[in-house]
Each structure stands twice: as structure tokens, then as C-alpha cells.
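Visitor: I would like to go through this model and ask what stands behind each label. Please set the values against the cut-offs.

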Amino acid sequence: MDCIFCKIISGGLPGKIVYEDEYAVVFMDIAGDVDGHMLAVPRKHVKNILDCDPDTLNHLMAAVKKVAVHCTENCGYDGVNLLNAGGESAGQSVPHFHIHIIPRKKGDGIDAWPAFPGARRKTEEVYEELRMTGDAG
């Protein structure tokens, strides 16, 4: 498989591993865009959250929580941003499910929330489209 994250997980490519267990690995992002930027990935290759099985998702989120708590309880951070893009249309650039963990300090000047252009449709109309009923999902 030609997946850069799978290569980091297997040790085929170097990675600064912050945390790992039998299901997940958290390593430093090499983008150099913000201090402490990490990526949490399942060891199992899964393209994105849309095709991730519940067990893999639960294990990944447990690892994300451990690292987030570590950041706030042991490393002097006040909070974290968790970011994910599920699919190319959402901006996913590496086809291996990953969650960005960005540790935050009050007044750090980071704006990690996207600037949205404004809704084009009425909330009620979109609600009717998205509402799950019965055994959907």
C-alpha cells in the first residue's frame, strides 16, 4: 500500500510518535503550521470516517482523548481543537482516516474555526433533508 500514514505506523517512514497503542498512533504533523499539531490515526487502514467501523472509531477516539487530556493536564495547554475532513470534497488530503489534534493556550492567536460564507438554504429545509427517522443510520 502506498499510504504515507501506513508507512509511518509500520516504521517505514520516520515519525515523531507522541502516543501509540495496539489500535491507534498519534504523531507530530510535519506541516509546521502551528506548535503541537498532531495527527491521530487508526493502525488499521481506513479511508475516512465514512467507512470506519465502530470499533476502530471508538479506539481512535479513546486515543485522541488520552492525548488531549495529557496536553491539558501535563503540558500546560488550556484546551484542544479536533479537526477532521471526511472525503476529498471536505478537504481530506491523505486517504487514511485521521484527526488533527491542536493543543491550545488562551491568547495564542490561532483561529482554527473556519470562516463560513453563510447558509444558502433555510435551516428548516436542510433539517428536513438531514433528519434521521426510524432505524436510519
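This is a predicted model: local features need pLDDT of at least 70, side-chain atom pairs count only at pLDDT 80 or more; totals for chains, interfaces and linings use all residues.

Visitor: What is the burial state of Phe5?

Guide: Phe5 has a relative accessible area of 6%. The cut-off is under 20%, so Phe5 is buried.

Visitor: What makes the rings of Phe5 and Phe27 a pair, and of what kind?

Guide: A pair of aromatic rings is described by the distance of the centres and the angle of the planes. Rings pair if their centres lie within 6.5 Å, and planes over 60 degrees apart count as edge-to-face. For Phe5 and Phe27 the centres are 5.5 Å apart and the planes are at 70 degrees, so the pair is edge-to-face. A search of the whole structure finds one aromatic pair.

Visitor: Which parts of the chain does the pair tie together?

Guide: Phe5 belongs to helix H1 (residues 4–10) and Phe27 to strand S2, so the pair ties together parts that are 22 residues apart in sequence.

Visitor: How do you know that strand S2 and strand S3 pair?

Guide: Two strands pair if at least two bridges are found between them. Strand S2 (residues 24–28) and strand S3 (residues 38–42) are joined by five bridges and run antiparallel. One partner of Val26 in S3 is named: the bridge partner is Ala40.

Visitor: How many bridges join S3 and S5?

Guide: S3 and S5 pair in the antiparallel sense over three bridges, against a requirement of at least two. In S5, Leu39 has His100 as its bridge partner.

Visitor: In what order do the strands lie in the sheet?

Guide: The order is S1-S2-S3-S5-S4, in an open sheet of five strands with antiparallel pairing. Strand S1 (17–20) and strand S4 (79–83) are called edge strands because each pairs on one side only. Neighbouring strands are turned by 20 degrees against each other on average, direction ignored. Helix H2 (residues 54–74) packs on the sheet and touches S1, S2, S3, S4 and strand S5 (99–104); the direction of H2 makes about 155 degrees with that of S3.

Visitor: Why is S3 described as largely enclosed by the rest of the structure?

Guide: Five of the five residues of S3 are buried, so the description applies. Both faces of S3 are covered, with Met38, Ala40 and Pro42 buried on one side and Leu39 and Val41 buried on the other. Leaving aside neighbours within four places in sequence, Met38 is in contact with residues including Val18, Val67, Cys71 and Ile101.

Visitor: What makes up the largest nonpolar core?

Guide: In soluble globular proteins, nonpolar side chains tend to be buried together. Here the largest nonpolar core has 14 residues, and those with the most contacts inside it include Val26, Met38, Ala40 and Leu60. S2, S3, H2 and S5 each give two or more residues to this core. H2 supplies the largest share, five residues. A second, separate core of 10 residues includes Cys6, Val25, Phe27 and Leu39.

Visitor: How do you know that Lys105 lies over the face of Tyr77?

Guide: The distance cut-off to the ring centre is within 6 Å, with a position within 35 degrees of the ring normal also required. Lys105 is at 5.1 Å from the ring centre of Tyr77 and lies over its face.

Key: Residues are numbered from 1 along each chain as its sequence is written. Side-chain values use heavy atoms; hydrogens and water are left out. Helices (H or I, at least four residues) and strands (E, at least two) are DSSP runs, numbered from the N terminus. Axes are lines fitted to C-alpha atoms, for helices over the stretch in contact, and angles run from 0 to 180 degrees between N-to-C directions. Contact means heavy atoms within 4.5 Å. Buried means under 20% relative accessible area, exposed over 50%, partly exposed in between (1.4 Å probe, protein chains only). A nonpolar core is a set of buried Ala, Val, Leu, Ile, Met, Phe, Trp, Tyr and Cys residues joined through side-chain atoms within 4.5 Å. Rings of Phe, Tyr and Trp (its six-membered ring) pair if their centres lie within 6.5 Å; planes under 30 degrees apart count as stacked, over 60 as edge-to-face and the rest as tilted.
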